[in-house]
Amino acid sequence: MPGSVNMSDPTWWQKTCVYQIYLRSFQDGNRDGIGDLAGVLARLDYLAELGVETLWLTPFFRSPQRDFGYDISDPYAVDPQYGSLAELQRLLSAAHARGMRVILDMVLNHTSDEHAWFVQSRRSKDSPLRDYYLWRPGRRPGGAAPPNNWRSMIGPRGWHYDAATDEWYWASFLPFQPDLNYRNPQVKAAMLELCRYWLRLGFDGLRLDIFSALFKDAALRDNPFSPHLLPAEDNPDGFFQHNQYTIDQPDTLDFARELRAAVDEVAAQDGVPRFLVGEAFGPPAKLRRYCGPRADGLHLVFLFKTFRTRFAAPAFRALLREYEREFASPLLPTYVLGNHDRARYLERLGNDPQRAKLLATLQLTARGVPFIYYGECVGMTNLDIPPAAAKDAFAASSRRVPGWLARLARRHGLLLNRDECRGPMQWDDSPNAGFTAPGVTPWLPLHPSYRQVNVAAAQADPDSLWRCYQRLLRLRKQTPALHAGALLLWDEALLPPQVLGYRRSSPPPRAAAAAELTEDAAGAGDCVDVLLNFSAEEQAVELPQQPTAVLFSTHREAALGRRLRLRPYEGLIVRTGRAAPPISG
Ligand code: GLC
Ligand code: CA
């Protein structure tokens with residue numbers, strides 16, 4: 001079966017850890033203050049040393065940069081601001097040579113209004129490309145009212161009037177990002193071909209931008225009322241509208257399978273498995289549908305529920321239980337703590353690196369694919385930029401939002417100015433933090449914390465958050481139970497209320513795979529217990545049997561024994577004998 005996945009022999013993407021590089025902010029290679037491909041190339045050794053395996057590059061295509069690359073005017077070209085095709089290819093081969101994979105950010109839903117298609121499409125009602133986008137006459141004479149009541153994903157009406165032809169076009173996001181019409185077979189074919197093109201060039205997978213918005217209701221029915229003001233992780237409805245006809249249409253789920261088939265075809269041709277990870281919003285049970293009824297759709301979907309999960313053992317236990325239920329094998333959940341649209345997660349933890357270590361331990365040891373956002377490992381926090389100084393077009397479009405609503409949104413982790421989580425990478429304490437040359441003005445200001453909070457300082461401190469990530473990534477790579485094992489939650493009755501425990505176990509590695517493992521990991525039966533103390537107090541835990549080794553502690557040193565005293569916010573990983581006694585009721 002083409003869609004089937006064999007978990008006893010997981011392929012690379014099932015075991016991987018993804019690191020998101022927000023290209024503009026990672027490393028400037030040519031001293032213009034803007035991050036670029038040459039910059040990433042220069043930092044590959046850093047990424048290898050950290051231990052991440054797959055890099056996700058945010059859009060590098062030709063673009064007017066009004067949404068910093070999510071508004072593409074030519075998806076076959078590299079924007080000169082970021083480099084050239086030759087540089088991109090160099091980056092791909094250099095990453096592959098280090099055993100790393102690279103995925104790109106595919107924006108299928110819309111183009112820039114400067115894309116040649118849209119320029120042609122908007123020219124006249126009988127343009128041959130008119131139907132590439134969603135054009136409709138207004139409801140009242142004179143085009144006075146939009147075709148229906150739909151709101152965009154970000155609040156205001158998503159229909160935009162165009163006087164040239166006295167019609168309206170639809171945009172799910174910002175007005176200069178007109179949505180493509182996937183009911184037009186030519187559009188669909190062209191976008192599938194675009195995906196194939198980049199995969200054949202050597203990319204290992206695609207991150208699919210607002211995938212859930214691809215199809216809209218064919219009959220353009222009005223969306224019903226919803227009592228929700230702000231969209232939440234569990235419910236993308238907002239602005240008093242239920243997005244019944246604008247997102248998650250059945251046709252989009254079908255298209256996920258079509259796209260999967262196209263990707264599998266490329267993979268079959270060159271023998272390199274690829275993966276798709278989609279951006280959609282809603283409860284896990286709903287998101288799972290994007291993976292297809294027979295695991296024949298998208299390989300992964302982002303799960304953002306972590307953003308709203310309280311820092312407490314019962315809350316994370318419930319989350320793991322839900323993810324395990326909805327994304328049972330052969331599916332895999334994803335663990336995401338932040339991205340280029342949301343407030344950095346450290347802020348949600350009161351900027352406490354101890355708590356961050358604990359959450360990183362969970363993220364890198366639960367069953368699933370972790371997504372790390374650049375700067376998280378160093379402990380970078382959000383910038384503070386007044387709305388008037390914002391570069392983010394989304395911020396400009398929401399300038400009229402009243403202060404109380406902005407504060408409420410912030411408490412939900414929603415940034416009205418996404419610049420705040422996109423600050424230049426803090427490499428060292430030199431002027432401009434090593435992001436760009438001293439004297440150059442970086443495209444966004446550096447966070448003033450960079451003198452203390454930076455990669456160089458973190459690497460010099462054996463106890464830093466960065467070192468904790470590095471140790472976890474190494475352990476994850478060497479331990480089949482962690483990158484490929486099943487997950488079983490500990491019975492809560494066996495643990496103090498503020499401790500979360502789970503066991504990861506995998507069948508003995510096959511001979512071929514075992515050769516690549518360290519002796520330590522290959523020898524023992526692969527079964528480990530992860531214990532996470534979410535409280536600021538010590539907690540006593542008794543293991544059902546004597547563990548054979550301590551593999552990791554957020555606090556570095558930990559004693560081996562059955563009776564444990566977990567220190568405040570300690571995360572501990574111990575190897576447990578193969579014939580481990582039951583831990584769940
Ligand atoms: C996604 C991206 C976001 C972008 C939007 C429109 O949500 O993550 O950064 O602005 O889509 O493409
Ligand atoms: Ca540059």
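Analyst: In sequence, the donor residues of the calcium ion (ligand 2) follow the spacing D-x1-N-x1-D-x1-I-x1-D. The model is a predicted one. The residues behind this pattern are Asp-28, Asn-30, Asp-32, Ile-34 and Asp-36, which coordinate the calcium ion (ligand 2) at 2.3 to 2.4 Å. Asp-28, Asp-32 and Asp-36 each contribute OD, and Asn-30 contributes OD1. Ile-34, by contrast, takes part through O.

Strand β1 comprises residues 18-21 and runs parallel to strand β2, residues 54-57, with 4 bridges joining the two. Within this pairing, Val-18 of the chain stands opposite Thr-54 in β2. Helix α5, residues 85-97, packs on the sheet and touches both β2 and β5 (101-106). The direction of α5 makes about 140° with that of β5. These strands belong to an open sheet of 8 strands with parallel pairing, ordered β11-β10-β9-β5-β2-β1-β13-β12. The edges are held by β11 (300-301) and β12 (334-336); each has a single partner strand, so one side of each lacks a neighbour in the sheet.

The cysteines come next. The count of disulfides is 0. For Cys-17, the closest cysteine sulfur is that of Cys-377, and the separation of 8.0 Å is too far for a bond, because a disulfide requires two cysteine sulfur atoms within 2.5 Å. Cys-17 is buried, at 0% relative accessibility. Cys-291 is likewise in no disulfide, the nearest cysteine sulfur being that of Cys-195, 17 Å away. Cys-291 also counts as buried, with a relative accessibility of 1%.

The His-160 side chain reaches the backbone oxygen of Gly-158 at 3.3 Å. Apart from neighbours within four places in sequence, His-160 is in contact with Glu-167, Trp-168, Tyr-169, Ala-171 and Pro-175.

Conventions:
Residues are numbered from 1 along each chain as its sequence is written. Chains are lettered from A and ligands numbered from 1 in the order in which they are written. This is a predicted model: local features need pLDDT of at least 70, side-chain atom pairs count only at pLDDT 80 or more; totals for chains, interfaces and linings use all residues. Side-chain values use heavy atoms; hydrogens and water are left out. Buried means under 20% relative accessible area, exposed over 50%, partly exposed in between (1.4 Å probe, protein chains only). Two strands pair if DSSP finds at least two bridges between them. Contact means heavy atoms within 4.5 Å. Axes are lines fitted to C-alpha atoms, for helices over the stretch in contact, and angles run from 0 to 180 degrees between N-to-C directions. A polar contact is a pair of N or O atoms within 3.5 Å; within protein, one must be able to donate a hydrogen and the other to accept it, and residues adjacent in sequence count only if both atoms are side-chain atoms. Donors are N, O and S atoms within 2.8 Å of the metal (3.2 Å for Na, K and Ca); water is not among the atoms, so sites may look incomplete.
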